[in-house]
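Welcome! Take a moment to look over the sequence and the model below, and then we can walk through them together.

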Amino acid sequence: MNRRHPCLHVLLALLLAAPVAAERAPPLGQVLAGEFALQQGDLPAAARHFAEAAQASADPAVAERATQVALVAEQPALARRSLARWRALAPGVPAMHGAAVRLALGQGDQEDAMDAARALLALGDPGFDVLLVVLSESRGDAAVIARSVTRGLFNDGALPARLSAWLRWAGVARRLKDRPLSERIVDEGMARFPDDPRARLLVIARLREAGDLPAAREQLQALRDGGGIPPELRRVAASEFARQGDLRSAADLLGAGEQDDASLGQRASWLVTAGDRAGLQLLYAELKAGGAVPPPPRRLLLGHVAESLGLWDEAEHWYQGVPHGAGSDLALLRLASLNDQRGRPERAIERLKDLQSDTSADGERVRDSYLLEADILERAQRAEDARRALDRGLAVFEGDPVLRYARAMLFERLDEVDAALADLRAIIDENPEDAQALNAYGYTLAERRGDFAAGLPYIERAHALQPESAPILDSLGWVRFRLGEREESLGLLREAWERLKDPEIAAHLGEVLWTRGDQDAARAIWREGAAIDPDNRALRRALETFQP
């Protein structure tokens with residue numbers, strides 16, 4: 001097959017699948033020869049045969065097919081000839097003008113491309129839709145001409161007079177890597193159509209991104225309360241509420257219109273994250289109100305909401321009602337977690353084993369089953385069984401970084417430091433940009449081997465990859481403190497604590513504060529950490545050292 005066409009099999013499938021209508025039968029010999037050439041991958045020959053068939057036929061579908069084959073075959077002369085026939089037979093068809101734009105772009109003819117694009121725009125929305133696709137699909141040298149066409153038509157004021165069209169045009173400019181034009185279209189569109197709800201949502205998003213959350217919140221609430229959010233923008237506006245941290249308003253707005261599994265699931269996710277029990281109760285009642293037996297995806301969602309409300313029996317009922325097939329792997333995983341929460345670890349592990357033996361289950365769900373099994377076993381003081389569970393998982397998912405990382409952390413808690421470092425080293429060798437593994441490797445070298453200087457470069461690499469990660473900030477601050485960089489370490493540890501209330505971060509921050517003479521602040525931080533997990537190893541050590 002011709003190596004110049006890496007997607008040739010896809011294009012051939014589309015061309016072969018397109019039936020030829022029969023207004024006046026085209027020359028059968030040419031059509032059959034063209035079909036055979038397509039099947040053999042000989043595109044130039046196929047283009048010649050179909051071009052001859054198009055000239056002899058009054059059927060525009062034959063001319064259309066001839067043009068498409070010639071364009072794919074990169075035969076511009078045949079494409080022009082077939083296109084001319086197509087134009088004569090069907091002058092008002094958007095696809096024909098789209099092919100003219102595509103041919104002109106491929107030949108680097110900006111003037112012809114502009115003319116064909118204007119002809120498409122003159123056809124209204126159908127032509128506009130075709131033009132968006134043709135320009136967006138341009139690659140290589142054709143994309144250079146497409147950028148000029150996109151810019152020229154905007155400068156000429158040729159776009160439809162509505163913001164939604166301008167925003168789609170901005171998307172084309174962005175896909176063509178003309179970011180300045182894309183941003184200009186958005187800015188001018190917002191100024192020209194200020195009352196369009198899309199423009200108002202863009203203004204709100206920019207206020208939020210600029211840090212003016214009160215103004216963004218006020219304008220978003222005004223837009224909602226004024227009834228200015230049309231149904232097609234409800235999801236966008238709800239997501240903006242969520243980005244502003246108002247998850248209940250996000251869920252309420254999304255619930256105001258017609259619902260599907262995606263919207264119901266998103267509402268549940270927001271309400272669970274917000275810990276909004278009242279909102280979850282209302283959603284649960286809504287989900288159950290249908291009367292008919294809910295389909296499997298809805299049963300999964302009902303189980304999730306019931307579980308979030310602590311309705312264990314009802315959650316178990318919904319999860320057990322998911323039949324084998326799509327979603328049953330997740331139902332088994334949730335049933336195992338549910339049994340674990342109810343103090344029934346053996347039943348939980350039975351469910352996990354069922355999932356692990358299901359050859360049709362999603363691989364990620366099966367992998368997660370080994371992680372959950374190991375966690376349940378370790379909490380039951382069965383660390384060796386937990387390790388065996390992870391070993392079984394790695395036998396199935398060889399080299400999986402998530403399972404390997406979990407085993408490394410288990411080794412570390414078992415004081416098998418060499419084994420922990422070996423697993424972390426293997427992850428880093430496979431992926432040198434795994435920030436989590438880099439941080440754990442560096443921290444383990446420092447904390448468990450006492451080699452702070454050796455551990456620091458790994459943590460610094462992790463920090464460069466994820467500068468806002470609280471665990472990485474904690475590691476960096478703690479190791480620099482142990483290396484004598486006390487001023488910088490305090491700022492890093494404070495930032496880590498602000499981002500994540502974690503007992504190990506509390507232990508480190510408290511020790512830095514204590515050594516600076518601020519014992520009251522250290523005690524306050526340690527109390528907060530102990531309220532989260534009084535058995536944390538680092539926190540216990542700090543308390544024993546400084547408050548014996």
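## A question to begin

Is D340 buried or exposed? Keep in mind that this is a predicted model. D340 has a relative accessibility of 16%, and buried means under 20%, so this residue counts as buried.

To find D340, look in helix α20, which covers residues 328–341. Setting aside neighbours within four places in sequence, D340 is in contact with A348, I376 and R379.

## A stop at P345

Now move along to helix α21, made of residues 345–356, where you will find P345. P345 has a relative accessible area of 31%, and because that value lies between the 20% and 50% cut-offs, the residue is partly exposed.

Which residues does P345 touch, not counting those up to four places away in sequence? They are N339 and I376. I376 is also listed among the contacts of D340. P345 and E373 are 28 residues apart along the chain, and their C-alpha atoms are separated by 9.0 Å.

## The nonpolar cores

The largest nonpolar core has 63 residues, and the members that touch the most others are L105, L131, V149 and W169. Helix α3, residues 43–56, contributes the most to this core, giving eight residues. There is also a second, separate core with 39 residues, including A242, L253, A268 and Y319.

Once neighbours within four places in sequence are left aside, its contacts are A113, V134, L135, S138, A142, I145, A146 and V149. V149 is itself one of the core members with the most contacts to other members.

## The whole protein

Stepping back, what does the secondary structure come to? You will see 32 helices and zero strands. The C-alpha atoms fill a box of roughly 100 × 60 × 55 Å along the principal axes. The radius of gyration is 31 Å, whereas a compact globule of 548 residues would have one near 24 Å.

Of the 548 residues, 46% are buried. Taking contacts between residues at least 6 apart in sequence, 49% join residues at least 24 apart.

## Surface and charge

How far apart are the mean positions of the 69 positive and 84 negative charges? They are 3 Å apart.

Terms used: Residues are numbered from 1 along each chain as its sequence is written. This is a predicted model: local features need pLDDT of at least 70, side-chain atom pairs count only at pLDDT 80 or more; totals for chains, interfaces and linings use all residues. Side-chain values use heavy atoms; hydrogens and water are left out. A nonpolar core is a set of buried Ala, Val, Leu, Ile, Met, Phe, Trp, Tyr and Cys residues joined through side-chain atoms within 4.5 Å. Buried means under 20% relative accessible area, exposed over 50%, partly exposed in between (1.4 Å probe, protein chains only). Helices (H or I, at least four residues) and strands (E, at least two) are DSSP runs, numbered from the N terminus. Contact means heavy atoms within 4.5 Å. The radius of gyration is taken over C-alpha atoms; the globule rule is 2.2 Å times the number of residues to the power 0.38. Lys and Arg count as positive and Asp and Glu as negative; His and the chain ends are not counted. The place of a charge is taken as NZ of Lys, CZ of Arg, CG of Asp or CD of Glu.
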